[in-house]
Amino acid sequence: MTKKKKDKTAALKREFDNLLADIDSLLKESANLTGEEFSEARERLQDKVDAAKEAVFEISDDISRRAHKTASKANREVHEDPWKAIGAGAVAGLLLGMLFARR
C-alpha cells in the first residue's frame with residue numbers, strides 16, 4: 001500500500017471515528033438539549049456526516065481511477081503480447097488445479 005493511500009485510509013478512519021464519537025455524544029446530550037441547542041448540535045453532526053461522505057467519495061474515486069488504470073494497462077499488455085497472457089493463465093490454472101486436487 002502506498003503512503004498516499006495509507007494516509008487517505010487513516011484520514012477516512014479518523015473521520016469515521018470522529019463521526020461515531022459525535023453521534024454518541026449527541027445521543028447522550030440530547031435529553032438535556034433545548035430546541036435551539038439541539039438544532040445546533042444537529043447542524044454540527046450534519047457537517048461531520050458531510051465530511052465523512054466527502055472522504056469516502058475521495059477514497060472510492062481514487063480506487064476507481066486506479067482500477068480503471070490497471071485494467072487499461074492489462075488490456076494493452078494482453079493485446080501486445082497475447083501468448084504471455086495465455087501462458088500466465090495456463091500456469092495459474094495448473095497451480096489452482098494442483099491445489100484443489102490435494103484437498
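The structure holds two salt bridges, a salt bridge being a side-chain nitrogen of Lys or Arg within 4 Å of a carboxyl oxygen of Asp or Glu. What we are looking at is a predicted model, in which local features need pLDDT of at least 70, side-chain atom pairs count only at pLDDT 80 or more, and totals for chains, interfaces and linings use all residues. Residues are numbered from 1 along each chain as its sequence is written, and side-chain values use heavy atoms, with hydrogens and water left out.

Let me begin with the pairs. Side chains of opposite charge can pair when their charged atoms come close. R65 is bridged to D61, with 3.2 Å between the closest N and O atoms, and both residues sit in helix α2, four residues apart, which is about one turn of the helix; helices here are DSSP runs of H or I with at least four residues, numbered from the N terminus.

R66 is bridged to D62, where the closest N and O atoms are 3.1 Å apart, and these two also lie in helix α2, four residues apart.

Which residue of this second pair is buried? D62 counts as buried because its relative accessibility is 9%, where buried means under 20% relative accessible area, exposed over 50%, and partly exposed in between, with a 1.4 Å probe and protein chains only. R66, at 34%, counts as partly exposed.
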